Amino acid sequence: RDRLRSRGLGDVYKRQTLTLVAEDRIFVIGGSFVYGKNPVHSNCLWEYVPDTDTWFRRADFPGTARSDMHGFVISGRLYAGFGYENMRGDWLDYTRDLWEYLPDRDVWEPRAGITMWKPDYFTFSAGTDQGGYIGCAKDGLWMYSPEKDK
């Protein structure tokens with residue numbers, strides 16, 4: 001087994017990132033840096049191309065910096081949002097926005113957010129060619145359809 005020896009993100013230690021795979025490229029979005037008691041959230045987007053073992057910095061996620069984002073890929077487009085943002089000190093608030101990222105244009109566009117009252121029990125997210133899905137322990141399965149968001 002080959003060991004991943006990639007460089008490009010430096011010595012940055014981030015956790016609670018969203019990782020999505022589209023067209024043989026890996027995208028890492030958001031997360032938090034651990035510095036003492038209060039985490040510092042990020043809205044950075046990085047793309048990794050395994051064929052060349054290269055990292056590229058892409059357009060930052062336009063929503064507020066956050067951790068624990070959820071997202072999915074539909075037909076090569078990335079959808080990301082939700083997650084926790086710092087409000088005051090160590091108090092976190094859950095966001096309900098959703099953004100679409102077009103990898104070939106390096107552009108983010110806003111999309112319809114989620115209408116659940118308090119979507120803070122998300123357990124998984126995944127995408128198919130038909131739509132994106134987010135499973136919520138409290139409220140069931142939520143589906144996003146790009147065709148209905150025009």
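**Sheet and two residues**

Reply: Gladly, and please keep in mind that this is a predicted model. To begin with the strands, β2 and β3 (residues 25–29) run antiparallel and are joined by five bridges.

Me: Which residue in β3 is the bridge partner of Thr19?

Reply: The bridge partner of Thr19 in β3 is Val28.

Me: And what is the strand order of the open sheet?

Reply: The open sheet has four strands in the order β2-β3-β6-β7, and their pairing is antiparallel. Its edge strands are β2 (18–22) and β7 (54–58), each of which pairs on one side only, and from one strand to the next the twist averages 25 degrees.

Me: Changing topic, where does Ser67 lie?

Reply: Ser67 lies in the loop between β7 and β8 (70–74).

Me: Is Ser67 buried or exposed?

Reply: Ser67 counts as buried because its relative accessible area is 2%, which is under the 20% cut-off. Setting aside neighbours within four places in sequence, Ser67 is in contact with Gln16, Gly31, Ser32, His41, Gly83 and Tyr84.

Me: Now Thr123: which strand is that in?

Reply: Thr123 lies in strand β14, which covers residues 122–127.

Me: Why does Thr123 count as exposed?

Reply: Thr123 counts as exposed because its relative accessibility is 53%, and the cut-off for exposed is over 50%.

Me: What does Thr123 touch?

Reply: Not counting residues up to four places away in sequence, Thr123 touches Gly135, Cys136 and Ala137. As for His70, which is 53 residues apart from Thr123 along the chain, the C-alpha atoms of the two are separated by 9.3 Å.

Technical notes
Residues numbered from 1 in each chain as written. Predicted model: local features only at pLDDT ≥ 70, side-chain atom pairs only at ≥ 80, totals over all residues. Heavy atoms only, no water. Pairing = 2+ DSSP bridges. Axes fitted to C-alpha atoms, helices over the stretch in contact; angles between N-to-C directions. Buried < 20%, exposed > 50% of the residue type's maximum accessible area, 1.4 Å probe, protein only. Contact = heavy atoms within 4.5 Å.
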